[in-house]
Amino acid sequence: MKRIALLIAIAISSLTFAQKTNTTNAAMAYKSYEQVKYTDFEQAAKDLLEAKGFIDLSIAHVDTQNDPKTWMYYGFICIEIPICAQLSGDAELKAIDPEKSLTTGFDALKKSKELDTKETYVDVIADYCNFYRSNFSNAGITM
């Protein structure tokens, strides 16, 4: 009986760990995307799609639904999709509605800040939002 209980406990903990691994894999793929997003558009699209696949798995799972890191990367990835779609011309990324993707991304960053009681990611999110706030403002002024 003890063995069965031990096996069940190991199985449950490994499933929880697997979901956190999806968030970590999404973060690594996103960082790889950031390194090549202005130099190799084809590789950037592949990295962003890989990050999206991992973060979609993580955001849908109960164990990582309330993790601020998961929501932060979900927001970053959603915001970058329309930008990468325009630069790379990737058909799969272009199929995603850019307006919805941006709205979802910024909503996810807000949720990450709400969930981040230790304020671990507040500065990273603020820097990211300020960067895009100035870029979108400049684009609006130019138009």
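The model shown in all of them is predicted.

**View 1. A buried salt bridge joins Glu-80 and Lys-37****.** Let us start with two charged side chains. Side chains of opposite charge can pair when their charged atoms come close. Here Glu-80 and Lys-37 form a salt bridge, and their closest N and O atoms are 3.6 Å apart. Where does each partner lie? Glu-80 belongs to helix H3, while Lys-37 sits in the loop between H1 and helix H2 (41–60), so the pair ties together parts that are 43 residues apart in sequence. Both partners, Glu-80 and Lys-37, are buried.

**View 2. Glu-42 and Lys-46 pair within helix H2****.** The structure holds three salt bridges, and this view shows the one between Glu-42 and Lys-46. The closest N and O atoms of Glu-42 and Lys-46 are 3.7 Å apart. Along helix H2 the two residues are four residues apart, which is about one turn of the helix. Are these residues buried or exposed? Glu-42 counts as exposed because its relative accessibility is 56%, and the cut-off for exposed is over 50%. Lys-46 has a relative accessible area of 48%, so Lys-46 is partly exposed.

View 3. Lys-52, at 22% relative accessibility, counts as partly exposed. Asp-56 also counts as partly exposed, at 29% relative accessibility.

View 4. Now for the rings! A pair of aromatic rings is described by the distance of the centres and the angle of the planes. A search of the whole structure finds nine aromatic pairs. Tyr-30 counts as buried at 1% relative accessibility, and Tyr-73 counts as buried at 9%.

**View 5. Tyr-128 and Tyr-132 form a tilted pair****.** The ring centres of Tyr-128 and Tyr-132 are 5.0 Å apart and the planes stand at 55 degrees, so this pair is tilted. Why are Tyr-128 and Tyr-132 separated by about one helical turn? Because they are four residues apart in helix H6 (residues 122–142). Both Tyr-128 and Tyr-132 are buried.

**View 6. Eight aromatic residues form one cluster****.** Stepping back from the single pairs, we can look at their neighbours too. The cluster includes the four tyrosines Tyr-30, Tyr-73, Tyr-128 and Tyr-132. Tyr-33, Phe-76, Phe-131 and Phe-136 belong to this aromatic cluster as well.

**View 7. Val-122 and Lys-110 are 9.9 Å apart in space****.** That distance runs from C-alpha to C-alpha, and in sequence Val-122 and Lys-110 are twelve residues apart. Val-122 has its place in helix H6. With 21% relative accessibility, Val-122 counts as partly exposed, because buried means under 20%.

Methods. Residues are numbered from 1 along each chain as its sequence is written. This is a predicted model: local features need pLDDT of at least 70, side-chain atom pairs count only at pLDDT 80 or more; totals for chains, interfaces and linings use all residues. Side-chain values use heavy atoms; hydrogens and water are left out. Rings of Phe, Tyr and Trp (its six-membered ring) pair if their centres lie within 6.5 Å; planes under 30 degrees apart count as stacked, over 60 as edge-to-face and the rest as tilted. Buried means under 20% relative accessible area, exposed over 50%, partly exposed in between (1.4 Å probe, protein chains only). A salt bridge is a side-chain nitrogen of Lys or Arg within 4 Å of a carboxyl oxygen of Asp or Glu.
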